[in-house]
Amino acid sequence: MTFCYKKDKDKFDEFVKFVDMKKDTPGAVMPVLQEAQHIFGYIPEPIVDYIALKLNKPSSEIFGVATFYSQFTLTPRGEHEICICLGTACYVKGADKLLDEFCKTLNVKPGETTPDGKFSVIETRCVGECGSAPVVTVDGKNIPFVKKDMIDQILFDAEGK
């Protein structure tokens, strides 16, 4: 699941072309990081260093931007992303307990991916569905009014069985 130049050669070549197009553009860091996230599914450490080299910036600056914005991740995500909204309305309605239960069921901590690479459990902030709290987003689809007894079915449905 981690980045390997040989295994990811086609992706890397695609990324190199994008960086070459953007490297002289003011404010290129964000679009380049977004493209890295899009191509690789996360931002591998060697890619942070490559971006820094090509944009003539310190790696610490690229890393700082990548860790500041929640849209970026430095670790590979699972095949299915389980995002638990912890915005105020969802939190008040028990989203923190849902997060704990998803983590317990999958035997991971928040932000981690299951060893088989199937699921990542991600804490998110407001998804804009406060009237449906608590909300869990699975692979980009919002599930409203989630209760603990729905977790097994949500995971089962995500796998498409």
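The following dialogue takes up the terms applied to this predicted model and the values behind them.

Mentor: Residues are numbered from 1 along each chain as its sequence is written, and side-chain values use heavy atoms, with hydrogens and water left out. As this is a predicted model, local features need pLDDT of at least 70 and side-chain atom pairs count only at pLDDT 80 or more, while totals for chains, interfaces and linings use all residues.

Trainee: How do you know what confidence the protein has on average?

Mentor: By pLDDT, the predictor's confidence in each residue, from 0 to 100. The protein averages 93, and 99% of the residues score at least 70. Confidence is lowest in E2, at a mean of 93, and highest in helix H6 (residues 95–106), at 97.

Trainee: What makes a stretch a helix or a strand, and how many of each are there?

Mentor: Both are DSSP runs, numbered from the N terminus: helices are H or I with at least four residues, strands are E with at least two. The protein has seven helices and four strands. Their order along the sequence is α-α-α-α-β-α-α-β-β-β-α.

Trainee: Why is the contact of Asp8 and Lys7 called a salt bridge?

Mentor: A salt bridge is a side-chain nitrogen of Lys or Arg within 4 Å of a carboxyl oxygen of Asp or Glu. For Asp8 and Lys7 the N to O distance is 3.7 Å, so the pair meets the definition. In general, side chains of opposite charge can pair when their charged atoms come close. The structure holds seven salt bridges.

Trainee: Is Asp8 buried or exposed, and is Lys7 buried or exposed?

Mentor: Buried means under 20% relative accessible area, exposed over 50%, and partly exposed in between, with a 1.4 Å probe and protein chains only. Asp8 has 10%, so Asp8 is buried. Lys7 has 54%, so Lys7 is exposed.

Trainee: What makes Asp20 and Lys54 a salt bridge, and which parts of the chain does the pair link?

Mentor: The closest N and O atoms of Asp20 and Lys54 are 3.5 Å apart, so the pair falls within the 4 Å limit. The pair links distant parts of the chain, with Asp20 in helix H1 (residues 9–22) and Lys54 in helix H3 (residues 45–55), 34 residues apart. Asp20 is partly exposed at 36%, and Lys54 is partly exposed at 28%.

Trainee: Why does the pair of Lys57 and Glu61 count as a salt bridge?

Mentor: The closest N and O atoms of Lys57 and Glu61 are 3.9 Å apart, so the distance is still within 4 Å. Lys57, at 33%, is partly exposed, and Glu61, at 35%, is partly exposed.

Trainee: What is the class of Ala158 and of Val138 by accessible area?

Mentor: Ala158, in helix H7 (residues 151–159), has 15% and is therefore buried. Val138, in strand E3 (residues 136–138), has 11% and is therefore buried. Of the 161 residues of the protein, 42% count as buried.

Trainee: What makes Asn107 and Phe145 worth noting by their phi?

Mentor: Most residues other than glycine have a negative phi, and most peptide bonds are trans. Phi of Asn107 is near 55 degrees, a positive value, and phi of Phe145 is near 50 degrees, a positive value. Asn107 lies in the loop between H6 and E2 and counts as exposed at 68%. Phe145 lies in the loop between strand E4 (141–143) and H7 and counts as partly exposed at 42%.

Trainee: Where is the peptide bond with omega near -5 degrees?

Mentor: That bond runs from Ala133 to Pro134 and is cis. Pro134 lies in the loop between E2 and E3.

Trainee: How do you know where the domains are?

Mentor: The bounds come from an automatic or database domain assignment. The assignment gives domain 1 (7–66) and domain 2 (78–158). Their centres, taken over C-alpha atoms, are 29 Å apart.
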